[in-house]
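These are my notebook entries on one protein structure. The sequence and the structure are placed first, and the entries follow.

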Amino acid sequence: MNDQPAVLCLRFRRIGGGLPDSAGYEGLLALLGAFTPVVEAAPPGAALADVTGALRYFGQDAAGLASLIRVRALALHGVDCAIGAASNPMLARMAARQATAGTTFVVPPGEHAGFLASKPAAALDGVGAATARTLCGYGLDSIGRIAAAPLTTLQRITGVRTGRELWERANGIDRTRVVPNAAARSIAAERTFPHDELDPERHRRALLSLTEELGARLRGDGQVCRSLAVSVRYAGRTGYATLTRSRTLPEPTAHSAALSSLAYRIQDSFALQRARVRGIGLRAEGLDDAERAAHQLTFDPVDERTRRIEAVSDQLRARFGPQAVKPGRLAA
């Protein structure tokens, strides 16, 4: 069993659609804890687990253990899992994105190059839209081509540190580990429409409500985020599809106006003005303590006034509930 993939990435979905609620998610983490103590939460609907010891204990390979976990999650929580199995967290996350609900996608040892080679540059963990455009401009439009490029070339294009990270990830190298009980590095929320929604204004209002919610949660927890990811689930010709894009904020922040501004730009980049949208999700990534984050002074009186109003609004919400204060666009 020593040569078996030992890291699982699990994406949870309730039967009938949607993410598990917070209580259900905690129950799923506890279920994983019965198999291995090395479980890292990735809320609101995913988790990483290092199952090295569990493979030996249960006498299963990675696919067999994943099936056992799936059966228990389905029976006890009414939740199905799409599971990726690989030798490190990065490959496991990418494998999980390729798996569908009820299946396990395994990247066997030594076969990561074939798994990664044909994928577009933007599919590589840590590569955002801007970096992908830069790489494509140099002909590095696939992970295989990034892996084959000289390290010095990547460092000249993207910088010394980023270039090395790109080269390592493109070659299947991930130096991170599954960290049990690690503090959440992202938070997320979603809005689901009762039917396929065509009105772009309703899409915009849903996204605004998400940025308001996540901004308030970040400030309440004394955190800031470094980037945002927007997901849009829409009806296509062959069924529903989901698009997800992420971008980095100019500076780490929990300021709702800054979150909304970036979220709108991401949404506009999808060019889905006429799409039949069923749901919109927003994830704040790269969380850090607000006390350690630097804020660029702008000397903008409008910005200062907005931040003071935001602080007062947070106090009112804390006293009278989350719906006590909301933007006029959402109250209409």
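**Entry 1: strand 9 and its partners**

I looked up S231 and found that its bridge partner in strand 9 is G281. I worked on a predicted model, in which local features need pLDDT of at least 70 and side-chain atom pairs count only at pLDDT 80 or more, while totals for chains, interfaces and linings use all residues. Residues are numbered from 1 along each chain as its sequence is written, and side-chain values use heavy atoms, with hydrogens and water left out.

I took helices (H or I, at least four residues) and strands (E, at least two) as DSSP runs, numbered from the N terminus. I took two strands as paired if DSSP finds at least two bridges between them.

Strand 7 (residues 223-236) runs antiparallel to strand 9, and nine bridges join them. I then turned to strand 6, which is also antiparallel to strand 9, with eight bridges. There A189 has L282 of strand 9 as its bridge partner.

Is strand 9 mostly covered or mostly open? I noted that seven of its 10 residues are buried; buried means under 20% relative accessible area, exposed over 50%, and partly exposed in between (1.4 Å probe, protein chains only).

**Entry 2: two loop residues**

I located A271 in the loop between helix 11 (256-269) and strand 9 (276-285). Its phi is positive, at about 55°, although A271 is not a glycine. Most residues other than glycine have a negative phi. A271 is exposed, because its relative accessible area is 52%.

I found R175 in the loop between helix 9 (160-170) and strand 6 (186-197). R175 counts as exposed because its relative accessibility is 63%. From C-alpha to C-alpha, R175 lies 8.1 Å from N88, although 87 residues separate the two in sequence.

I traced an open sheet of five strands in the order 2-3-1-4-5, with mixed pairing. Its edge strands, each pairing on one side only, are strand 2 (39-42) and strand 5 (104-106). On average, neighbouring strands of this sheet are turned by 15° against each other, direction ignored.

Strand 4 (residues 79-86) pairs with strand 5 in the parallel sense over three bridges. I noted A85 opposite V106 of strand 5.

**Entry 3: helix 3**

What does helix 3 lie across? I found that helix 3 lies across strand 1 (7-14), strand 4 and strand 5, and runs at about 160° to strand 4. Axes are lines fitted to C-alpha atoms, for helices over the stretch in contact, and angles run from 0 to 180 degrees between N-to-C directions.

I next looked up helix 1 (residues 22-33) against helix 3 (residues 62-77): their axes come within 11 Å and cross at roughly 145°. Helix 1 contributes G24, G27, L28, L31 and L32 to the contact (heavy atoms within 4.5 Å), and helix 3 contributes I69, R72, A73, L76 and H77.

**Entry 4: totals**

I recorded 13 helices and 10 strands for the protein. Of its 332 residues, 42% count as buried. Among contacts between residues at least 6 apart in sequence, 66% join residues at least 24 apart. The protein exposes about 17500 Å², of which carbon and sulfur atoms supply 53%; accessible areas come from the Shrake-Rupley method with a 1.4 Å probe, and for residues only the protein chains shown count as cover.
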